[in-house]
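Look at the model shown here before reading on. The report takes a few residues and helices in turn and says what surrounds them.

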Amino acid sequence: MDPPPQPSATALQATLFDFAMAELVRQHRESFPPLWTAESWAKLLIWLALNCGCSGEAEGLEAFATALGPVVTARMRRVFFERELVDLNLQVMADPAERQVLLLPLDAAAEPGVATGASMDPERVAAALERVGLAALVATDRDLWQPLEALVAVPWQSRPH
């Protein structure tokens, strides 16, 4: 049996770039208040653009955004607005451009009740929202929370900007 083919230099560079960008975003996403807002996301992009040598003028920022392209930008945004809470077995996805915050298990197989269609424990969902700083930004009325199979959708209190 032959060993699997080695990835090309270009494929390795692309993987390294993707990994480095995701880590950079994870390390700095808490640095740009107010968190969980489009303003926070814009501040990160401006910071990145300035550190890449772009001017702070609209033309320089637009050139940076164009250079990133839609695929890289979407990936970075997803990483920016996601949190993984391993001890609670939850992933929180809270992009302010979406209508709801989604909470889903990191490992569905380890999720109690998934096989029977049971919804997630609301106390665990509330603990996750509190831990990541979303509790004051989402609907506190748990009747508005929507259990959907193995995830819970929690509406924003009011749409963050």
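## Ser 40

Ser 40 is buried, with a relative accessible area of 0%; buried means under 20% relative accessible area, exposed over 50%, and partly exposed in between, using a 1.4 Å probe and protein chains only. The residue sits in helix α2, which covers residues 38–51. Helices here are DSSP runs of H or I with at least four residues, strands are runs of E with at least two, and both are numbered from the N terminus.

Neighbours within four places in sequence aside, Ser 40 touches Arg 29, Phe 32, Pro 34, Leu 35 and Phe 80. Contact means heavy atoms within 4.5 Å.

## About the model

This is a predicted model, in which local features need pLDDT of at least 70 and side-chain atom pairs count only at pLDDT 80 or more, while totals for chains, interfaces and linings use all residues. Residues are numbered from 1 along each chain as its sequence is written, and side-chain values use heavy atoms, with hydrogens and water left out.

## Helices α1 and α3

The axes of helix α1 (residues 9–28) and helix α3 (residues 58–80) come within 9 Å and cross at roughly 40 degrees. Axes are lines fitted to C-alpha atoms, for helices over the stretch in contact, and angles run from 0 to 180 degrees between N-to-C directions.

From α1, Phe 17, Asp 18, Met 21, Ala 22, Val 25 and Arg 26 meet Val 72, Arg 75, Met 76, Val 79 and Phe 80 of α3. The residues of this contact divide into eight nonpolar, no polar and three charged. Ala, Val, Leu, Ile, Met, Phe, Trp, Tyr, Cys and Pro count as nonpolar, Asp, Glu, Lys and Arg as charged, and the others, Gly among them, as polar.

## Thr 73

Helix α3 also holds Thr 73, which counts as partly exposed at 22% relative accessibility. Apart from neighbours within four places in sequence, Thr 73 is in contact with Trp 41, Ala 65 and Leu 68. A polar atom of the Thr 73 side chain lies 2.7 Å from the backbone oxygen of Gly 69.

## Helix α4

In helix α4 (residues 122–131), the buried residues are Arg 124, Val 125, Ala 126, Ala 128 and Leu 129. Their cover includes the strands β1 (82–85), β2 (90–93), β3 (100–105) and β5 (151–155).

Notes:
A polar contact is a pair of N or O atoms within 3.5 Å; within protein, one must be able to donate a hydrogen and the other to accept it, and residues adjacent in sequence count only if both atoms are side-chain atoms.
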